[in-house]
Each structure stands twice: as C-alpha cells, then as structure tokens.
Amino acid sequence: MASGDLERGAKNRGNNSNFPSFYVETAEKQWTSWLIPMFVVANIAVFIVVMYVNDCPKRNFGSERSCVAKFLGRFSFQPLKENPLFGPSSATLEKMGALEWNRVVHGDQGWRLITCMWLHAGVIHVLANMLSLVFIGIRLEQQFGFVRVGLIYLVSGFGGSILSSLFIQRNISVGASGALFGLLGAMLSELLTNWTIYSNKIAALLTLVVIIAINLAVGILPHVDNFAHIGGFFTGFLLGFVLLLRPQFGWVESRQFIADARVKSKHKAYQYMFLMAAAVLIIAGFTLGLVMLFKGENGNDHCSWCHYLSCVPTSKWNCENR
C-alpha cells in the first residue's frame, strides 16, 4: 500500500523528514508514538504464531506439493501455487480467526470481525501493511495522541470487516488494510475540518487524494478485498471529523492573554457541524450494517454494480469467485 506523510508538527524533535510541510506551525503539544509501534509488533507476532500453527511440513507430509523455505521447519510456507504471498494455508487462517461470512452469521462467531484485522496472508502482505502503518500511523499519533489514533485504527478495521462481510460471502478475508485505510480517511477529514490552519491547502489535498486513489485502484485487482478498504476508509473519514479537530490558528497562544481569549473561540462553527453530521452517519452506518449482516443479507442483492468496486474482470483474470 502506498503511503504519504502530509503533516509536520510544531515541535520537530530532530525529525529530518523529506516530506513537504503543509501545516502552519502552532504551539500544540507533540506526542511520543508508542501505540503504532506496538500494533506493528503485535501484527508480526500474530503472523509468527499463525505460521507455527500452520506447520506446513507436517500437514503436507507425503504430498507431491512441497513447502517453500523448508529450512525454516514448521515455519516454512505453503506451496506457492496455494499461497503466492509466502504464508499459511487458508484453512489455518480460518482456524485462527479469518473473516468468513457463514461462521459470522450462522456460527455466532462475530468476533471474527475483529480478529481478522490481526491476521495476514503472507510475509509480503504483512510487510506491506506494516510499512504503511509506520509511515501513516506514527505521524498521526505524534500529532493527536494514542487514544484518538488507536480508536480510529480499531473502529475503522471493524467497519471494513462489516462491509467486507456484506459483499464478499464465499471467501475468507484477513489483513489490517481496512484499519490502514481508516487512517488515510481520517487524514483527509482532518485536512478538511482543519482547513484554515494549512499553509498550502491545495497541495496537501491533491497529495492526499492521489495517495488514496492509488491505493483504492489497487483494490480492483483479484484476491484483494477492496470492500474492507472502502469500509475502513469511510469509517476513518467520518471519525476524523469527530476526533481530529484542531483549535483554530492562534487559539493556543491567545489563552495566555485574557482579553484575546474572550474574543477567539477554540473551534469554528463548521467544525462543529462536521462533527455532528459525522457522528450521526457513523451511528446510522454501523447500525444498518450490523443489522443487515446478522440478518444474513447479501449486499450485492441491493447493489448490482458494487462488485466491480472490488474486482474488475479483464482478459487476464475473472472475478467469479468474488
């Protein structure tokens, strides 16, 4: 997943990033990032556990198919024809908590909507997602703190799982991509709701839109769950209006002067309007999605063209298994 760094805080603390700075410096506090690195460690640790449970040599013993990187022992990978991402089998992923519609709806295993966020299909998958998480998440956590960024990450991943379950019901789904797209969506809404404090608004907006468009475009390839991306993105986009408000420019400094503090308000009226509208949409969206999911409805029955959002058939591949 491509990623970009669109912000630069007031206190740089030795950060020599080469990314452009669009944000007008203020006296806001900059946090120390620790939650995002913990998420990275947790995802990698879970992948190692999954590979241990997978135990390819034992499960493929006596088979014509051979495991990849046999020198790794029980941590060796499934045959590339089965999993080209250098990872475990689908059966192991399903056993460990992958998102599977039938088990969620008819097997009372709603917890899979959360556990699937911590599973990855292979080394390539987990490395791509974790690199993106580092580039996107650390800077957001430095700017807004672990509570808000952690909530956006987890709730966006959950939202992505709901949308994925509604539209993809014949395959399993795993990965942190929904949560990562939630962080991208939050970056976009943060830019919009804090529009007045950016020094180069159009450049910041275009940069972020291009990054998001590229990532969503990748999702139309086969075997990529773009519904998780889309669900996570819109969840994070709405949460950004609620959780990532910044005081208008000069408010922090004005608190030191009583006279100015009475004149300048902390937030603008449009920020509160965005917040209230986003909060209503989040509640309504999650309620509708969960009701439809646990009633066993198929989202494709209500949208005949939506399947193209996740896979566009070409002469090189088909999307019949979607």
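Which residues in α1 meet which residues in α6?

Mentor: Two points come before the answer. The model is predicted, so local features need pLDDT of at least 70 and side-chain atom pairs count only at pLDDT 80 or more, while totals for chains, interfaces and linings use all residues. Residues are numbered from 1 along each chain as its sequence is written, and side-chain values use heavy atoms, with hydrogens and water left out.

From α1 come Leu35, Ile36, Pro37, Phe39, Val40, Asn43, Ile44 and Phe47. Their partners in α6 are Val123, Val126, Met130, Leu133, Val134, Gly137, Ile138 and Glu141. Contact here means heavy atoms within 4.5 Å. By class, this contact has 13 nonpolar, 2 polar and 1 charged residues. Nonpolar covers Ala, Val, Leu, Ile, Met, Phe, Trp, Tyr, Cys and Pro, charged covers Asp, Glu, Lys and Arg, and the others, Gly among them, are polar.

The two helices span residues 35-54 (α1) and 123-144 (α6). Helices are DSSP runs (H or I, at least four residues), numbered from the N terminus. The axes of α1 and α6 are 8 Å apart, and the packing angle is about 170°. Because of that angle, α1 runs roughly antiparallel to α6. Axes are lines fitted to C-alpha atoms over the stretch in contact, with angles from 0 to 180 degrees between N-to-C directions. Angles under 35 degrees count as roughly parallel, over 145 as roughly antiparallel, 65 to 115 as roughly perpendicular and the rest as oblique.

Helix α7 (residues 146-167) also packs on α1: their axes come within 10 Å and cross at roughly 40°. On the α1 side, Leu35, Ile36, Phe39 and Asn43 take part, and they meet Phe146, Val149, Gly150, Tyr153 and Leu154 of α7. That contact holds 7 nonpolar and 2 polar residues, with no charged ones.

The axes of α6 and α7 come within 7 Å of each other and cross at roughly 140°. The pair is therefore oblique. Leu133, Gly137, Leu140, Glu141 and Phe144 of α6 make this contact with Phe146, Arg148, Val149 and Tyr153 of α7. Its residues divide into 6 nonpolar, 1 polar and 2 charged.

Val49 sits in α1 and is partly exposed, at 44% relative accessible area. Buried means under 20%, exposed over 50%, and partly exposed in between (1.4 Å probe, protein chains only). From C-alpha to C-alpha, Val49 is 9.1 Å from Phe75, although 26 residues separate them in sequence. Ser156, in α7, is buried, with a relative accessible area of 0%. Beyond its neighbours within four places in sequence, Ser156 is in contact with residues that include Leu151, Gly178, Ala179 and Thr235.

A pocket, on a 1 Å grid over the protein atoms alone, is an open set of points where a 1.4 Å probe fits, with protein on both sides within 12 Å along at least five of seven lines; lining residues have an atom within 4 Å of a point. The largest pocket has about 1,100 Å³ of space, a volume being the space filled by probe spheres set on the points. It is lined by 42 residues, and Leu85, Ala121, His125, His223 and Val224 are the closest to its centre. The lining comprises 21 nonpolar, 17 polar and 4 charged residues.

The second largest pocket has a volume of about 410 Å³. Among its 16 lining residues, Leu163, Gly231, Thr235, Gly285 and Phe286 lie nearest the centre. α7, α10 and α13 (269-294) each give two or more residues to this lining, and α13 has the largest share, with 7. By class there are 11 nonpolar, 5 polar and no charged residues.

Phe86, between α2 (56-59) and α3 (90-96), has phi near 60°, a positive value in a residue other than glycine; Phe86 is partly exposed at 29%. Asp108, in the loop between α4 (101-105) and α5 (112-115), has a positive phi of about 50° without being a glycine, and is exposed at 69%.
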